[in-house]
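Hello,

Here is the structure I said I would pass on. Please look through it first; my notes come after it.

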Amino acid sequence: MKVYKPEWRCTFSVNEGVDEAAGWKARIAWRLRDVADRLEGGGRTLKVDCDVVPAVSREEVDTCLGKGFAVTQGLLTQLAHQAACEDVMRDAKAELFEEENASRH
């Protein structure tokens, strides 16, 4: 009886800057990304490297990335909501935060 064993590999990395050991091409590419970010203002360039074996389509990768960024947006929205609530509490009930402020000094 033949035993079938599925084999796969997925490497995924996200970079937001050039690696110290990068070659001149990578350094120029990151310099251009930095210039583009400054020209557009307020943006943030991320480089995504994804290697999947067996291969999946670009559309499938894009769908996964889109879903991942949707989750990220939800998490950031929750953090913003929590920060807004804390700001309101700090204003309305400053005495609750006095000990925290004293320990920072």
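Below are my notes, from the whole chain down to single residues.

This is a predicted model. The protein chain has 3 helices and 2 strands. Read from the N terminus, the order of the elements is β-α-β-α-α. The radius of gyration of the protein chain is 22 Å, well over the 13 Å given by the globule rule for 105 residues, so the chain is more spread out than a compact globule. The C-alpha trace spans about 70 × 50 × 25 Å along its principal axes.

The chain exposes about 9,500 Å², and 58% of that comes from carbon and sulfur atoms. Taking contacts between residues at least 6 apart in sequence, 56% join residues at least 24 apart.

On the surface there is a nonpolar patch formed by Phe12, Val14, Leu46, Val48 and Phe69, which together have about 440 Å² of accessible area. One of these patch residues, Val48, sits in strand β2, which covers residues 47–53. Val48 has a relative accessible area of 32% and is therefore partly exposed, since buried would require under 20% and exposed over 50%.

The other residue I looked at is Met89, which belongs to helix α2, residues 58–92. Met89 also counts as partly exposed, because its relative accessibility is 38%. Apart from neighbours within four places in sequence, Met89 is in contact with Ala94, Leu96 and Phe97.

Regards

Terms used
Residues numbered from 1 in each chain as written. Predicted model: local features only at pLDDT ≥ 70, side-chain atom pairs only at ≥ 80, totals over all residues. Heavy atoms only, no water. Helix = DSSP H or I, 4+ residues; strand = E, 2+ residues; numbered from the N terminus. Buried < 20%, exposed > 50% of the residue type's maximum accessible area, 1.4 Å probe, protein only. Contact = heavy atoms within 4.5 Å. Patch = residues over 30% accessible without salt bridge, like charges linked within 9 Å, V, L, I, M, F, W, Y side chains within 5 Å. Areas by Shrake-Rupley, 256 points an atom, 1.4 Å probe, with all protein chains shown as cover. Salt bridge = Lys/Arg side-chain N within 4 Å of Asp/Glu carboxyl O. Rg over C-alpha atoms; globule rule 2.2 N^0.38 Å.
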